[in-house]
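Q: Could you walk me through this fold, one feature at a time?
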Amino acid sequence: MTTPVVQARGLVKRYGKVTALAGSDLELLPGEILAVIGDNGAGKSSLIKALSGAVIPDEGEIFVDGQQVSFSTPIDAREAGIETVHQSLAVAPSLDIAANLFLGRERRRPGVLGSVFRMLDRNGMREEARRQLDALGIMTIQNPGQAVETLSGGQRQAVAVARAAAFGSRVVIMDEPTAALGVRESRAVLDLILQVRDRGLPVILISHNMPHVFEVADRIHIQRLGRRKAVVDPKSVSMSDAVAIMTGAMEPPPDSTSDSTSEPTADQAPD
Ligand SMILES: Nc1ncnc2c1ncn2[C@@H]1O[C@H](COP(=O)(O)OP(=O)(O)OP(=O)(O)O)[C@@H](O)[C@H]1O
Ligand SMILES: [Mg+2]
């Protein structure tokens, strides 16, 4: 049996009278791309916010490599190796691209300049930023020294994606990473997601774009009304059936509501 890299069990999150998560489970297995699909308001963003320390769930448990964790801030999740691109982008608009890429982990100059005088290695960070953006195929960004507030929405999204791919050490989570992107940039982000997986890191991809999901996902988690409704194999379930399960028009196949993993999910009942 495989130990999931990330596992959530019975997560509940309420906002006043709104229940965003109503006992949601999730398993991310080593080396896979897990797509998370669901209607607007199904709780996808809430689920990954809980996994990335951006919200604290009211109930439920989270495990990383089988060890229970409790994240109070996004920094805790980052320290556990979980890097996230949120749907509403967390970039610092007045800083330049390189500074955004290295936000919270700035590089210092070598020697006493860095250790004693705390001087930043701006050139080093810009070179690395350039490399990351080139790898992403975001040729439309010409200068890593450009302030992020002057970038287009899609370019900002690309910067956030580059940051997550560059720094995720255990898991990369992307919430609608291609929503604001053009065709070429979307393609580059999908290729990047495949590259991240080929580097051995598992990825959680939230997307409404079914062709994208079916192209890259190893498994598809279907979220409905704040819960995991099913996990399906894109090779054996059609796009229209996945959407029908997502909207409640169709019941999931019986084998898709139980789990491929044992502990610590052994006591879990399908809903
Ligand atoms: N900060 C908040 N305050 C109040 N309600 C919230 C808050 N965040 C989320 N919700 C509610 O929780 C529910 C789940 O929201 P969530 O953002 O997780 O959905 P989603 O599946 O990501 O949807 P989308 O596909 O539109 O991004 C929604 O009904 C939403 O209105
Ligand atoms: Mg969302």
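A: Gladly, starting with two terms. Strands (E, at least two residues) and helices (H or I, at least four) are DSSP runs, numbered from the N terminus, and two strands pair if DSSP finds at least two bridges between them. On the bookkeeping side, residues are numbered from 1 along each chain as its sequence is written, while chains are lettered from A and ligands numbered from 1 in the order in which they are written. This is a predicted model, where local features need pLDDT of at least 70, side-chain atom pairs count only at pLDDT 80 or more, and totals for chains, interfaces and linings use all residues.

Q: How many helices and strands does the protein have?
A: The protein has nine helices and 10 strands.

Q: What is the order of the six strands in their open sheet?
A: The order is E6-E7-E8-E3-E9-E10, with mixed pairing. Strand E6 (82-85) and strand E10 (227-232) are at the edges with a single partner strand each, so one side of each has no neighbour in the sheet. For angles, axes are lines fitted to C-alpha atoms, for helices over the stretch in contact, and values run from 0 to 180 degrees between N-to-C directions. With direction ignored, neighbouring strands of this sheet are turned by 20° against each other on average.

Q: How many bridges join strand E3 to strand E9?
A: Four bridges join E3 (residues 33-37) to E9 (residues 219-224), and the two run parallel. Ala-35 has Ile-220 in E9 as its bridge partner.

Q: Which strands does helix H6 touch?
A: Contact here is between two residues whose C-beta atoms, placed from the backbone, lie within 7 Å. Helix H6 (residues 153-167) packs on the sheet and touches E6 and strand E7 (171-175), its direction making about 170° with that of E6. Helix H7 (residues 183-198) also packs on this sheet, touching E3, E7 and strand E8 (203-206), at about 155° to the direction of E8.

Q: What is the order of the four strands in the other open sheet?
A: That sheet reads E2-E1-E4-E5, and its pairing is antiparallel. E2 and E5 are the edge strands, each with a single partner, so one side of each is left without a neighbour in the sheet. Neighbouring strands here are turned by 30° against each other on average, direction ignored. Strand E1 (residues 6-15) and E4 run antiparallel, joined by five bridges, and Ala-8 stands opposite Ile-62 in E4. Helix H1 packs on this sheet, touching E1, E2 and E4, and its direction makes about 120° with that of E1.

Q: Which element gives the most to the shell around ligand 1?
A: A residue is near a molecule if its C-beta atom, placed from the backbone, lies within 6 Å of it. H1 gives the most, with three residues. Strand E2 (18-28) and helix H1 (44-51) each supply at least two residues of the shell. Among the residues around ligand 1 are Tyr-15, Val-18, Lys-44, Ser-45 and Gln-87.

Q: What is the phi of Asp-65 near?
A: Most residues other than glycine have a negative phi. Phi of Asp-65 is near 50°, a positive value, and Asp-65 is found in the loop between strand E4 (59-64) and strand E5 (67-69). Leu-225 likewise has a positive phi near 50°, and Leu-225 is found in the loop between E9 and E10.
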